[in-house]
Each structure stands twice: as structure tokens, then as C-alpha cells.
Amino acid sequence: MADDTKATKDSFTLTDNRTGTAYELPVHHATAGPDVIDVRKLYAETDCFTYDPGFTSTGSCESKITFIDGDKGVLLYRGIPIDELAEQSDFPETCYLLLYGELPTTEQKRKFENDITYHTMMHEQINYFFRGFRRDAHPMAVMCGVVGALSAFYHDSTDITDPKHRLVASYRMIAKMPTIAAMAYKFSIGQPFVYPRNDLRYAENFLHMMFSTPCETYRVNPVVARAMDRILILHADHEQNASTSTVRLAGSSGANPFACISAGIASLWGPAHGGANEAVLQMLQEIGSKDRIPEFLERAKDKNDPFRLMGFGHRVYKNYDPRAGVMRTSCHEVLAELGVNDPLLELALELERIALEDDYFKEKKLFPNVDFYSGIILKAMGFPTSMFTVLFAVARTVGWVAQWREMIADPDQKISRPRQLFTGVETRSYTPIGER
Ligand code: SDX
């Protein structure tokens, strides 16, 4: 963090009108986006906390990884626009960029992909771990459990004070998430687990583990593999979203990386966050036909109705989510390649058109987000709805790991321990039960 500024133009003056006392709060300047007011000394000087439920105006950390301009609909990974990466890069290269801050050279990329590839296999004992779950368990529940349990298998990469442990744990998480995700799927349909293959690249290997069987040769469709790789890029990181903040907070206590990633998976599962892609498909199936769109839009506007238009709106984007645009293009490509004519796509396009013309959605700046189209592509690729958020977790693991590593290395980092506005009952004495 930059040195504390003096009480000059690089500060805010905060006046307590109850006492007339003025306080100088340092301002730290961003290279892009809003500057921040440093309130770390506020409680010590004013005996007051800041209050910001949901952290709508709070910067929780300093980061150099991902930048979002919500008003312009801009998303940059280490300064590179997401649409350029989606078009010209691939997921392993994007992982390297997020982790190390620069695009890799040819040799760096080869070595990184090789290192990740040789961590894709799981400890064989973990196969038995799956048998503790019901076959109909939601795969996100399985992911939370299995990923959290990895610290019971990989003791040689849980010491967060050891840089080598941190590196090995980071690579293990990125490498093993597709394997665990595919195992969760195979377990749910009663098919045998498929081992990763070292001759396949990341996205192809994942599709191979998901959809091949021992009974016949499985050929990965290159268009589907490219779409999978692009979907992984689009979901890889997104600044301090709920699940990333969960990973950072868990990590701030010194918890092992597997436990932190498991906590991130749990947070991502929520329908307001990563669970929205599954909820979008369920919503489109409930709407069923274009003539019912107005009915559901009215429900979305009704404060007394808990229904939200899933896949719409965002805490940060008050413009089109740039990922949604790339996702919509991929949707058309994949469905055309697979010869899939999914009426849900037509329904989604019409819903988007009507919503974007609606005054309520325009006034509240509610645009499609990354989850609006992803479910339609994934359904066409053969993924069951219950696996949609699992795919989000597979992709976001590199972002969680990169942000966790940045937090561990941050000299300003300390255990995250927010305070509160207490409005409960004041001090009172215990009343014996006979006198109540
Ligand atoms: C992701 O944070 C990230 O970066 C997340 C993510 C990532 O990559 O990590 O981008 C991934 O989680 C995308 C978001 C997926 N979730 C959904 O699609 C669920 C539907 N969206 C809403 O639940 C909502 O928009 C949120 C949760 C995404 C954002 O919540 P906010 O910023 O807290 O917005 P809000 O609830 O305060 O809404 C502001 C207003 C409210 O009306 P008022 O109270 O001001 O009258 O807009 C309304 C809301 O009622 N509103 C919606 C709406 N989203 C917001 N009304 C109808 N339908 C919606 N989808």
C-alpha cells in the first residue's frame, strides 16, 4: 500500500458534527477506477465504525489482478480486455496471466501446461470418498466436500508460510478441479470415473473425463472444446466478488488453501452468485413461451414477489456484462455446430430484447450478466443443469487461487474481522427460570 498521505489534497476531511472535530483521512490513488479513503484509523480516532452492509462502497484490499469498469462494461485481466483474451488466448495461458501478471513466453507456457497436466490425477483413495455421498447429491455439495477434504490427502502443500507449498497447492487446485468435477458427474450417473489423459489439453481433458466411457473411443469435438476453453476464460476471475471475498477472508485466518477454495465453492453456489446459471435455465423452462414473458417481467418488478430475472443485474456492471456478449456469440456457434435448435435460446433472446426496452430495467441499469447465456451453451454441450455452477467453480478456481496468493503476499494483510452496528438489548442481569 502507498505511504500514508499528509492532510493535503490527498486526503478527505471528515467532520464530526456532534463535536465539531475534523479528521483527516488519507486517500490512496488507483491506477484505474475509484480512489479509496483509508479508514483504518477511523475507529481509534473517532470511536465509530463505518457501516456498509454488502460492501457496496468498500474496498476490502489492494489488488493488481482484475479490473472492472461497471459503467463502461469493461473487464480486464492484468490489463488485457476479456474479449481479446476470449478471442486470442486460451485458458492455460489466461491462468498463467492471472497468476503471474504477464502473458507467458512459448517456453513458460509449455512448462506451465506441463506442470498443471501432471497434477490432474487424484489420490486413488479419494475414489472411496465419493461413496459416502448419495448418488443424487447436488454436485456442488460433492465439490464442497471433496475439495475441502483434499487437505486430508495432500499434507505436503498445506503450509501457507512455505512458498513451495503455496505453489504446489495452487497448481493442484487448478489441475484437479476438472477431475473432481467430472468425478462428481460420473458418480451422479453411475458411470465409472475416467482418468485424465496427459496428451490432452485442459478443456479437452475435462470433456474427455466428463463424457467418455471405457466402452468406446470418445473424440472431443474441437468446436465444443474451443467453446469450453472460452467459457473457462470468461469465468476465471472477477475482482472481489462474493466467492473471491470468501476465499480471501478464509485465507486471512491462515486456513489451508484447500479449505479456502472449498469455502469459495460454497459461496459461489448461491443463486444470487454462481448458482444463477442453473437458475436461468430453470426460469426459462418455467416461462416456457414468449407470450408469458410480460407476466414474468411484471413479477420481476413486483417488490412483493421474490422472483428476480435470473441472469440479469449485477452489483458492479451498470452496463452490458462484456462476458455476456461473448457468451451469446458462442451460444450461436455451438448450437449451430451441434445442430441443436433449442427453443430456450429463442426465448432468451426475446426476453433480453423485451427487458432491455423496459423502463424498469433501463432505470435500474439491469443488463444480462455472464450467467444469462452460459446455461444454454452448457445444456447444448451435454452438461446437466446441476453441473452448471460446478463448471463456474472449475473456471473460477484460478481466480480464487491468484487472489489468495496475492492476499498471502500482501504486507498489509491481517485476519479479516469486521465489526457491527449493535442494536440488540443492552446489558441486563440473568433471571432464574423460576422468576421468568
Ligand atoms: C455473478 O459480483 C460478481 O462479480 C459476481 C459475478 C462473478 O463473475 O463473480 O459476476 C457472477 O454472480 C453474476 C450475477 C448472477 N446473479 C443473478 O443473475 C441473479 C439475479 N440478479 C440479482 O439477484 C442482482 O442483480 C444481483 C444479486 C446480481 C446484484 O445485486 P445488488 O447489486 O445487490 O442489486 P440489488 O439487489 O440492490 O438491486 C438493485 C435494484 C433493486 O431494486 P430496488 O430495491 O432498488 O427497488 O435492482 C433490482 C432490485 O430489486 N434488481 C432486480 C434484479 N436485480 C436487481 N430486479 C429484477 N430482476 C433482477 N435480476
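## Exercises on a predicted model

By class, the second largest pocket is lined by 11 nonpolar, 6 polar and 3 charged residues. Here Ala, Val, Leu, Ile, Met, Phe, Trp, Tyr, Cys and Pro count as nonpolar, Asp, Glu, Lys and Arg as charged, and the others, Gly among them, as polar. The model is predicted: local features need pLDDT of at least 70, side-chain atom pairs count only at pLDDT 80 or more, and totals for chains, interfaces and linings use all residues. Residues are numbered from 1 along each chain as its sequence is written, and side-chain values use heavy atoms, with hydrogens and water left out.

**Exercise 1.** Describe the second largest pocket and find the elements that line it.

*Solution.* 
- Start with the volume: about 250 Å³. A volume is the space filled by probe spheres set on grid points, which are joined across faces, edges and corners.
- A pocket is an open set of points on a 1 Å grid over the protein atoms alone, where a 1.4 Å probe fits, with protein on both sides within 12 Å along at least five of seven lines; lining residues have an atom within 4 Å of a point.
- Next, the lining has 20 residues. Nearest the centre lie Glu-113, Thr-117, Leu-200, Arg-201 and Tyr-202.
- Two or more residues each come from helix 3 (91–100), helix 4 (106–117), helix 7 (163–189) and helix 8 (202–211). Helices (H or I, at least four residues) and strands (E, at least two) are DSSP runs, numbered from the N terminus.
- Helix 4 gives the largest share, 6 residues.

**Exercise 2.** Work out the strand order of the open sheet of 3 strands, and what stands at its edges.

*Solution.* 
- The order is 4-5-6, with antiparallel pairing. Strands pair if DSSP finds at least two bridges between them.
- Strand 4 (66–69) and strand 6 (80–81) are the edges. Each has a single partner strand, so one side of each lacks a neighbour in the sheet.
- Strand 4 pairs with strand 5 (residues 74–77) over 4 bridges. Ile-68 stands opposite Leu-75, and Thr-66 has Tyr-77 as its bridge partner.
- The hairpin of these strands has 4 residues between them, and Gly-73 there takes a positive phi near 70°.

**Exercise 3.** Find where Glu-239 and Lys-365 lie, and give the phi of each.

*Solution.* 
- Glu-239 is in the loop between helix 9 and helix 10. Its phi is near 60°, positive in a residue other than glycine.
- Lys-365 is in the loop between helix 16 (359–363) and helix 17 (371–380). Its phi is positive, about 55°, although Lys-365 is not a glycine.
- Glu-239 is partly exposed at 25% relative accessibility. Lys-365 is partly exposed at 41%.

Definitions and conventions:
Buried < 20%, exposed > 50% of the residue type's maximum accessible area, 1.4 Å probe, protein only.
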